[in-house]
Amino acid sequence: MLIEIWERLRGYDKWIEVAAKIESSEVEKTPITDRSGRVIDYSYESGDMLTWTDRQGEKQYADFTVPDDSPLYQLVGGEAVTIRYNPARPDQYYFRELLRTRVHTAVKATITTIIVLAAVVGFFLLRIKLK
C-alpha cells in the first residue's frame, strides 16, 4: 500500500506501462578486504541493461545494478519485466521492483550503521565507566 501512495505522489501511476526486456546481465565480483588488504570475502552485484520501446517506436535503454540479495539479481538476458516510462521523457523509467531493492538496501545499510555506532558508543561509555 505504501508503494502505491509513493507512486501516486511521484506521478508514476500516470506514466505509460510497458513490457521491457533485460537485454543483458553481468555479474560483478568485488573483493572485500580487511585492514591489511587481505581479501576476506567477495560481494556480488548484477549489472543489467533494460530495454523498452516507447510510443514513437524508439528503443530506449537504461542500466541498473542490484546486489546479490535482490530478487532482480536472478534476472538474465531476455527476461521480460514490467516498467513505466515518462511520456514526456521516454528515457526516464520507473521499475517498482528496483525501487523495492533500493529501499531494502538503504534500510539494511542504515540498520547496520546504527548497530555499529551503538557498539562504538557503548564501548566508549564502558571504558569511561571502568576508569
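Q: pLDDT is the predictor's confidence in each residue, from 0 to 100; which elements of the chain have the lowest and highest mean pLDDT?
A: Helix 2 (residues 96–130) has the lowest mean, 91, and strand 5 (residues 93–94) the highest, 97. Helices (H or I, at least four residues) and strands (E, at least two) are DSSP runs, numbered from the N terminus.

Q: And what is the mean for the chain?
A: The mean pLDDT of the chain is 92, and 99% of its residues reach 70 or more. This is a predicted model, in which local features need pLDDT of at least 70 and side-chain atom pairs count only at pLDDT 80 or more, while totals for chains, interfaces and linings use all residues. Residues are numbered from 1 along each chain as its sequence is written, and side-chain values use heavy atoms, with hydrogens and water left out.

Q: On to the sheet: what is the strand order?
A: The sheet is open, with five strands in the order 3-2-1-4-5 and antiparallel pairing. Two strands pair if DSSP finds at least two bridges between them. Strand 3 and strand 5 are the edge strands, each pairing on one side only.

Q: How many bridges join strand 1 to strand 2?
A: Twelve bridges join them, in the antiparallel sense. Serine 25 stands opposite aspartate 48 in strand 2.

Q: And strand 2 to strand 3, how many there?
A: Nine bridges connect strand 2 (residues 39–53) with strand 3 (residues 59–67), again antiparallel. Threonine 53 has lysine 59 in strand 3 as its bridge partner. The hairpin of these strands has five residues between them, and glycine 57 there takes a positive phi near 85°.

Q: Where does helix 2 lie?
A: Helix 2 lies across strand 3 and strand 5, at about 30° to strand 3. The axes are lines fitted to C-alpha atoms, for helices over the stretch in contact, and angles run from 0 to 180 degrees between N-to-C directions.

Q: Which residues have the most contacts inside the largest nonpolar core?
A: They are Leu50, Trp52, Phe64, Leu72, Val81, Ile83 and Phe95, in a core of 17 residues. Strand 1 (16–33), strand 2, strand 3 and strand 4 (80–85) each supply at least two residues of this core, and strand 1 gives the most, with four. Such a core is a set of buried Ala, Val, Leu, Ile, Met, Phe, Trp, Tyr and Cys residues joined through side-chain atoms within 4.5 Å.

Q: What is leucine 50 in contact with?
A: Leaving aside neighbours within four places in sequence, its contacts (heavy atoms within 4.5 Å) include Ala20, Ile22, Phe64, Val81, Ile83 and Tyr93.

Q: Threonine 51, then: buried or exposed?
A: Threonine 51, in strand 2, is buried, with a relative accessible area of 4%. Buried means under 20% relative accessible area, exposed over 50%, and partly exposed in between (1.4 Å probe, protein chains only).

Q: What does the side chain of threonine 51 make a polar contact with?
A: The side chain of glutamate 23, at 3.0 Å. A polar contact is a pair of N or O atoms within 3.5 Å; within protein, one must be able to donate a hydrogen and the other to accept it, and residues adjacent in sequence count only if both atoms are side-chain atoms.

Q: And serine 70, where is that?
A: Serine 70 is in the loop between strand 3 and strand 4. At 5% relative accessibility, serine 70 counts as buried, and its side chain makes a polar contact of 2.7 Å with the side chain of threonine 101.

Q: Last one: arginine 38, buried or exposed?
A: Arginine 38 lies in the loop between strand 1 and strand 2 and counts as exposed because its relative accessibility is 53%.
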